[in-house]
Amino acid sequence: MPASVPGMDWSSSLDVYDEYEKLIIRMNTPRVVIDNAVCENATLVKVDSANKHGILLEAVQVLTELNLNINKAYVSSDGRWFMDDENGRKLTDEGVIGYIEKRLATNPCVLPLFGKPVGLDAVAEHTAIELTGTDRPGLLSEIFAVLGDLKCNVVEAEVWTHNRRVACLVYVTDEDTGAAIEDQQKICKTEELLLNVMRGNSNIREAKTVVSMGFTHTERRLHQLMFADRDYDKLDETGGRASLPLKGNDNAKPLVTVDNCLDRGYSVVTVQCKDRPKLLFDIVCSLTDMEYVVFHATIDSQGPQTFQEYYIRHTDGRPVYSEAEKQRLIQCLEAAIRRRASEGMRLELCTNDRVGLLSEVTRIFRENGMSVTKAEVSTRGDKVADVFYVTDTAGNPVDAKTVEAVRQEIGLSILQVKDDYMHPKSPPREPAIRFSIGDLFKSKSERILYSLGLIKSYS
């Protein structure tokens with residue numbers, strides 16, 4: 001045991017440290033500028049802030065929460081960084097603009113370390129249940145059946161599957177009280193029964209079940225759960241569903257490369273793939289969870305493809321050195337891009353909420369040979385608006401007759417098919433434009449930084 005220091009009051013020492021942290025935050029309050037005059041059909045969001053691990057993720061997360069598309073971005077950081085974001089459609093709502101300015105300017109972005117809840121809400125109106133394990137047909141039906149038997153009402157839920165693994169984040173209330181579950185025995189029983197469900201008959205990897213109070217940032221936490229579950233690992237040939245080709249080329253393997261820019265001490269990560277909403281968030285989230293800091297970056301998403309380039313270092317200041325670390329980084333980024341992919345046919349459920357609804361609906365899916373690959377469950381008042389992506393148990397497209405039979409049983413007006421999977425339209429091909437930091441910069445700020453030697457071309 002370490003010896004104590006005479007006269008040292010550790011409590012007061014921590015208080016001094018906390019006050020110092022607050023002082024640093026006040027001295028480095030982000031400056032936010034939102035400009036609608038720069039571009040005819042997009043809004044420019046500029047953030048000038050002290051660089052801190054996780055702050056880029058927080059900025060991207062704020063924009064992502066508002067379902068804004070980031071088509072172009074530029075990040076530069078050596079002491080300070082700023083980011084230019086051009087969103088898909090110009091922002092005209094003053095309330096939204098004010099919200100962005102307030103969130104980016106006042107949020108200190110002190111993100112918890114990996115493995116701890118992120119964005120935990122102070123209120124405890126719901127109980128959060130985190131589940132990870134081996135994916136299999138009918139699993140979601142079993143989960144909701146257990147919750148229904150325990151009189152747990154599902155308020156919100158999101159389910160991701162990737163590489164034969166599954167991660168679920170479910171928010172429930174006690175059916176009897178309409179609030180969070182306070183009975184510790186019930187919580188323990190819920191954990192035990194759900195853990196048995198997640199384990200199933202598989203011995204490939206350990207399943208995990210965690211029950212906590214309050215809300216987290218759902219998508220942020222799902223990334224963390226799947227990363228901790230090592231969904232990026234290549235598995236052997238023992239079971240699992242076949243990978244389903246998606247609409248267009250959504251499931252085409254992204255091209256991720258990692259090289260070193262040794263004269264500046266950076267590793268350079270480039271990503272080329274089909275563009276989609278929240279792609280930037282997914283990539284930055286993965287880099288942050290792996291303890292990498294983004295010092296410079298360019299994002300160019302003109303047309304159906306995107307080119308993204310990140311100059312990174314580990315939090316200890318070193319670039320990626322070993323081949324093993326390089327391959328792991330590539331695998332993790334590929335997984336981060338692909339795990340949000342929506343495999344199969346999209347079904348939307350809209351009806352009045354009632355206890356046991358999800359258990360009943362997913363049971364009907366299972367009994368008709370339909371497997372859920374992704375799910376988004378939400379409740380607004382007394383209405384539910386749920387989205388399910390389904391395949392058959394082998395991972396193939398669901399037969400149209402099966403879908404109609406399911407709709408007849410659940411209700412034609414309640415369950416709608418919102419999908420063009422059966423007749424996919426190939427997007428027009430456009431030549432990919434590589435927009436790199438060393439290219440001819442379009443903005444004055446980029447040219448200034450380049451001329452000062454603060455950023456350097458890499459090819």
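**Buried residues and packed helices**

Author: Thr190 is found in helix H5, residues 184–199; helices (H or I, at least four residues) and strands (E, at least two) are DSSP runs, numbered from the N terminus. The model is predicted: local features need pLDDT of at least 70 and side-chain atom pairs count only at pLDDT 80 or more, while totals for chains, interfaces and linings use all residues. Residues are numbered from 1 along each chain as its sequence is written, and side-chain values use heavy atoms, with hydrogens and water left out.

Reader: Why does Thr190 count as buried?

Author: Buried means under 20% relative accessible area, exposed means over 50%, and partly exposed lies in between (1.4 Å probe, protein chains only). Thr190 has a relative accessibility of 2%, so Thr190 counts as buried.

Reader: What makes the pair of Thr190 and Lys186 a polar contact?

Author: A polar atom of the Thr190 side chain lies 2.7 Å from the backbone oxygen of Lys186. A polar contact is a pair of N or O atoms within 3.5 Å; within protein, one must be able to donate a hydrogen and the other to accept it, and residues adjacent in sequence count only if both atoms are side-chain atoms. The distance of 2.7 Å is within 3.5 Å.

Reader: Which residues does Thr190 touch, not counting those up to four places away in sequence?

Author: Thr190 touches Ile129, Leu147, Leu150 and Cys152, where contact means heavy atoms within 4.5 Å.

Reader: Why are H4 and H5 called roughly antiparallel?

Author: Helix H4 (residues 139–149) packs on H5 at an angle of about 165 degrees, with the axes 10 Å apart. Axes are lines fitted to C-alpha atoms, for helices over the stretch in contact, and angles run from 0 to 180 degrees between N-to-C directions. Angles under 35 degrees count as roughly parallel, over 145 as roughly antiparallel, 65 to 115 as roughly perpendicular and the rest as oblique. About 165 degrees is over 145, and H4 and H5 are therefore roughly antiparallel to each other.

Reader: What is the handedness of the crossing of H4 and H5, and which residues meet there?

Author: The crossing is right-handed; a crossing has that name if the near helix is turned clockwise from the far one by less than a right angle, and is left-handed if anticlockwise. Leu139, Glu142, Ile143, Val146 and Leu147 of H4 meet Thr190, Leu193, Leu194, Val197 and Met198 of H5. By class, the contact has eight nonpolar, one polar and one charged residues; Ala, Val, Leu, Ile, Met, Phe, Trp, Tyr, Cys and Pro count as nonpolar, Asp, Glu, Lys and Arg as charged, and the others, Gly among them, as polar.

Reader: How do H9 and H10 lie to each other?

Author: The axes of helix H9 (residues 357–367) and helix H10 (residues 400–410) come within 10 Å and cross at roughly 150 degrees. This angle is also over 145, and H9 and H10 are therefore roughly antiparallel to each other. H9 passes H10 in a right-handed crossing. Val361, Ile364 and Phe365 in H9 meet Val406, Glu409 and Ile410 in H10, a contact with five nonpolar, no polar and one charged residues.

Reader: What makes helix H6 mostly covered?

Author: In H6 (residues 218–228), ten of the eleven residues are buried. They pack against helix H2 (55–65), strand S5 (127–134), strand S6 (152–162), strand S7 (165–174), helix H7 (279–289) and H8. H6 is followed by Arg230, which has a positive phi near 60 degrees.

Reader: How many helices and strands does the chain have, and what share of its residues is buried?

Author: The chain has eleven helices and 17 strands, and buried residues make up 47% of its 459 residues.
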